Amino acid sequence: MTTGHLSPPQGPVEPGGFDFRRHAWFLGVGAVGYARVPLVVSAQPDGGQPVFALRMRLSRAVQAALPGEVGAFAAAITTGDRSGMGEATKQALRDTNLAHLLAISGLHMGLLASFVFGAVRLALAAVPVVALRVPGRKIAALAALVAAAGYLALSGGNVATERAFVMVAVALTAVLFDRRAISLRAVAVAAMIVLILRPEALLGPGFQMSFAATTALVAVFSRLRGAPQMMPRWLWPLVAVMLSSAVAGLATAPVAAAHFNRIAQWGLLANLTTVPLMGLVVMPAAVVAACLAPFGLEAPALWFLGRGLAWVLTVAHEVAGWDGALRHVVAPGALVLPLMALGGLFSMLWRGRVAMLGAGPVLAALALWSTAERPAILIAASGGLVGLTGESGRALSRARGSGFVARVWLENDGDGADQAGAALRWPEVDGGLASAPMPGGGTLWHVAGQRGRASFPGCRSSDLAVFNTPGPHPGACLAFTPETLRQSGALAVTFSEGAPQVRTVADQSGRRLWTP
């Protein structure tokens, strides 16, 4: 039991932004909130969640065997429990484009299934009597499918893991029916299954990054399949692992930059020095540890698991501290990612010189991205924060309050400043009253609280005023109050020939099941 403070899921912080209401609606979440007091157990659970209890028991066991951040990392990739990880570690993984190692997604599921498939097939082939009488390849595929399903249940079955399981299951099912396991047709089937189960996933970065990486990898390696070998056979596996990291990184980089407004400039190097270790050491050690745990013999495998993850964390913290490790980019327009996807798919699906035509949409998308413009004025749905673009970046009307809104605005601007730094750009703030000249002429007023209302001198028809407290406003200017903002949501204002053009979240989102 606890005392919680709940509120409905909030809408986008600006028109065209991420709509958490839609995300929460598809998750079946009706409210979000926080608690100021600790949780108190009033009664023990009745055993209605045995899988969850098993996950937490395994998480505690892993963290006991591997203390510190390494153990928390190991628990995250084996059971999906990230509660033991520190924020500094998670931020270092994000800043080096290694956060995908934290989420149980396609990489982990693919490595697990590949290791189980290879180990079972090798074990069957090692016994000639068995190898000559049973279909070892299909038995190995069934074993890998069972292992992947167990991993799905053990990890909590989140959306990313479900998507990864579907992709692996399609490939293994193809093996059972003597079809090519890795092909663009298999990727298409997996995508259709995921979208039938979760159609909302199409708009999320997880789906887009997963299938961008998978499609690029299948296309590249299918073209290399018939190419002449230019290196010794023993060197090819190492080159293949490094090539796959490079291809996946290049394919997902534009999607990640578009959604998160940042580019990990050393991310490729960080992935090249860690992903091969995940496949060669970490995931095999995790599988061996799981097999030996019932007999109490998992300690050696856990040691190897810990050493591999310690290296990943060392690389993450080291690379994240390099100069220029993180570069902020402006949010792209609505056409940028679709154009990139169109060009990339054209180049992958066609062969010969015609495939080069796919570069056209990609270059057009990059040109649109480079010329993307941000709104001159942004107004929070609560009326508690106003942002105005200037020569030094977006100026914020308040140094505190509405911190999440401020962070998203600055990220979408490609601005690395924090709220306090952006507030210093605002030209004039006096208590609860902030004013600044607008690009189209006139004055932008932000009137906060009763103190701001008391000192507000009134406004002219060329001005724009934002209030965060209810009540009448003196003057003839365009004004936004809590009553009007409650209907419109957040606002974006641009100027055309000096006249303000207002876009609202309500106009952009329309009437949907998740809108009030």
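This is a predicted model: local features need pLDDT of at least 70, side-chain atom pairs count only at pLDDT 80 or more; totals for chains, interfaces and linings use all residues.

Trainee: Fine. What is the strand order in the open sheet with antiparallel pairing?

Mentor: The general idea is that strands of a sheet pair through backbone hydrogen bonds, either parallel or antiparallel. Two strands pair here if DSSP finds at least two bridges between them. Strands (E, at least two residues) and helices (H or I, at least four residues) are DSSP runs, numbered from the N terminus. In this model, an open sheet of five strands runs in the order β7-β6-β5-β13-β14, with antiparallel pairing. At the edges stand β7 (393-396) and β14 (499-504), each with a single partner strand, so one side of each has no neighbour in the sheet. On average, neighbouring strands of this sheet are turned by 25 degrees against each other, direction ignored; such axes are lines fitted to C-alpha atoms, for helices over the stretch in contact, with angles running from 0 to 180 degrees between N-to-C directions.

Trainee: Which residues stand opposite isoleucine 377?

Mentor: Look on both sides of β5. Strand β5 (residues 377-379) pairs antiparallel with strand β13 (residues 491-496) over three bridges, and there valine 493 is the bridge partner of isoleucine 377. Three bridges also join β5 to strand β6 (residues 386-390), again antiparallel, with isoleucine 377 opposite leucine 388 in β6.

Trainee: And how many residues sit in the hairpins of β6?

Mentor: The hairpin of β5 and β6 has six residues between the strands, and glycine 383 in this hairpin takes a positive phi near 75 degrees. Going on, a hairpin joins β6 to β7 through two residues. β6 and β7 pair in the antiparallel sense over four bridges, and threonine 389 stands opposite arginine 394 in β7.

Trainee: What about the sheet with mixed pairing: which strands stand at the edges?

Mentor: That open sheet has five strands in the order β8-β9-β10-β11-β12. Its edges are β8 (428-430) and β12, each with a single partner strand, so one side of each is left without a neighbour in the sheet. The twist averages 15 degrees from one strand to the next. For a parallel example, take β11 and β12, which pair in that sense over three bridges; valine 466 stands opposite phenylalanine 480 in β12.

Trainee: On to disulfides. How many are there?

Mentor: You look for a pair of cysteine sulfur atoms within 2.5 Å. By this rule there is one disulfide: cysteine 459 and cysteine 477, with sulfur atoms 2.0 Å apart. The pair links distant parts of the chain, 18 residues apart: cysteine 459 lies in the loop between α19 (449-455) and β11 (464-467), and cysteine 477 in the loop between β11 and β12 (478-480). The torsion about their S-S bond is about -65 degrees, so the disulfide is left-handed.

Trainee: Is cysteine 459 buried or exposed?

Mentor: Buried means under 20% relative accessible area, exposed over 50%, and partly exposed in between (1.4 Å probe, protein chains only). Cysteine 459 is buried, at 10%, and cysteine 477 is buried too, at 8%.

Trainee: Last one: how do I read the empty spaces?

Mentor: Rolling a probe the size of a water molecule over the atoms shows where empty space is left. On a 1 Å grid over the protein atoms alone, a cavity is a set of points where a 1.4 Å probe fits but cannot get out, a pocket is an open set with protein on both sides within 12 Å along at least five of seven lines, and lining residues have an atom within 4 Å of a point. Points are joined across faces, edges and corners, and a volume is the space filled by probe spheres set on them.

Mentor: The second largest pocket holds about 600 Å³ of space. Among its 23 lining residues, Leu154, Ala286, Ala289, Ala290 and Cys291 lie nearest its centre. α13 (275-292) is one of the helices supplying at least two lining residues, and α13 gives the most, with six.

Definitions and conventions: Residues are numbered from 1 along each chain as its sequence is written. Side-chain values use heavy atoms; hydrogens and water are left out.
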